[in-house]
Amino acid sequence: MSTRKGEQTKALIVQKASKLFNSQGYMASSISGIMHETGLKKGGIYNHFESKEELMLSAFSYSIEMMSHFFSEALAGKKGCMERLLAIASIFERHAKNELLPGGCPLLNAAIEADDADPVLREKVCAAMNELLELISRFVRKGIEMGEVRDGVDPEFVATIMISTLEGALMLSKLYGNQVPMERAMQHVQSFLTAELGLPSQE
């Protein structure tokens, strides 16, 4: 019973910490802030984690699991390359509206912070970003195989342009506190996919 309670406490710490890190920043967030969020003392937190970095990495992994869940939900029932790619894009649109996770997209937030500050976190962010890029590339490759997408399209190019556009727009929407950059980016992504891939318009 005590083992299960310990696992529940650890999961609670990770969940609360992930919100704090994603909202306030990985480097700026303090153990005292996590203590406040969880209602635990410092010893109670370090009973489950050897260091702030271990907790930080666990919290990031939790955020990415949540992201994967959001993508799976958005993709459920979607058929064809265009529908699936726009479903992925819709998650970034919802992040801009703060509908999913406090603080927005954990990939964007951690990528900006981890660039130079923490090589271990940077490695985990790169791995998570690679998975997202590969997901998009896989849908494009499948579209080519099914005859939906014209031959000669570079799936990695499409994935890079799509994610760069959406993450950049998300950053601008957060900076200015409005949805205009993301709205423009969503319009551009659909136009880009229609023109680049030869897919039918969703309008």
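Colleague: What percentage of the residues of the protein chain count as buried?

Modeller: Bear in mind that this is a predicted model. Buried here means under 20% relative accessible area. The protein chain has 203 residues, and the share of them that counts as buried is 42%.

Colleague: How many helices and how many strands are there in the protein chain?

Modeller: Along the sequence the pattern reads α-α-α-α-α-α-α-α-α. The C-alpha atoms fill a box of roughly 60 × 40 × 30 Å along the principal axes. The count is nine helices and zero strands.

Colleague: Of the contacts with a separation of 6 or more, what percentage comes from residues 24 or more positions apart?

Modeller: A contact needs heavy atoms within 4.5 Å. Among contacts in the protein chain with a separation of 6 or more, the part from residues 24 or more positions apart is 65%.

Colleague: How far does helix 7 reach from its first C-alpha to its last?

Modeller: Helix 7 covers residues 119–145, which is 27 residues. At 1.5 Å a residue, 39 Å is expected. The span in the model is close to that, at 38 Å.

Colleague: Which residue caps the N-terminal end of helix 7?

Modeller: The backbone nitrogen of Val120 has a side-chain oxygen 3.0 Å away. Past the other end, helix 7 is followed by Gly147, with a positive phi near 80°. The N-terminal cap, which supplies that side-chain oxygen, is Asp118.

Colleague: Which helices do the buried residues of helix 7 pack against?

Modeller: The buried residues of helix 7 include Leu121, Val125, Ala128, Leu132, Leu135 and Phe139. An α-helix has 3.6 residues a turn, so residues three or four places apart point the same way. The partners of the buried residues of helix 7 are helix 4, helix 5, helix 6, helix 8 and helix 9.

Colleague: Which residue with a positive phi follows helix 4?

Modeller: Helix 4 has 24 residues and spans 35 Å, close to the 34 Å expected at 1.5 Å a residue. Its buried residues include Leu55, Phe60, Ile64, Met67 and Phe71. The residue that follows helix 4, with phi near 80°, is Gly77.

Colleague: Which helices each supply at least two residues of the lining of the largest pocket?

Modeller: The largest pocket holds about 150 Å³ of space. Its lining consists of Ile64, Met67, Ser68, Phe71, Leu107, Ala128, Glu131, Leu132 and Leu135. The helices that each supply at least two of the lining residues are helix 4 and helix 7.

Colleague: Which backbone oxygen does the side chain of Lys52 reach?

Modeller: Lys52 is in helix 4 and is partly exposed, with a relative accessible area of 24%. Beyond its neighbours within four places in sequence, Lys52 is in contact with Phe21, Tyr26, Met27, Ser29, Ile31 and Tyr46. The side chain of Lys52 comes to 2.5 Å from the backbone oxygen of Ser29.

Colleague: Is Ser18 buried or exposed?

Modeller: Ser18 lies in helix 1, and a polar atom of its side chain is 2.7 Å from the backbone oxygen of Gln15. Leaving aside neighbours within four places in sequence, Ser18 is in contact with Ala59, Tyr62 and Ser63. Its relative accessible area is 4%, under the 20% limit, so Ser18 is buried.

Colleague: How many disulfides does the count come to?

Modeller: The rule asks for two cysteine sulfur atoms within 2.5 Å. Cys105 is in no disulfide, as the nearest cysteine sulfur, that of Cys126, is 14 Å away. Cys105 is buried at a relative accessible area of 0%, and Cys81 is buried at 2%. The number of disulfides by this rule is zero.

Terms used. Residues numbered from 1 in each chain as written. Predicted model: local features only at pLDDT ≥ 70, side-chain atom pairs only at ≥ 80, totals over all residues. Heavy atoms only, no water. Helix = DSSP H or I, 4+ residues; strand = E, 2+ residues; numbered from the N terminus. Expected span 1.5 Å × (residues − 1). Buried < 20%, exposed > 50% of the residue type's maximum accessible area, 1.4 Å probe, protein only. Polar contact = N/O pair within 3.5 Å; in protein donor to acceptor, adjacent residues only side chain to side chain. 1 Å grid on protein atoms, 1.4 Å probe; cavity = no way out; pocket = protein on both sides within 12 Å on 5 of 7 lines; lining within 4 Å. Points joined across faces, edges and corners; volume = space filled by probe spheres on them.
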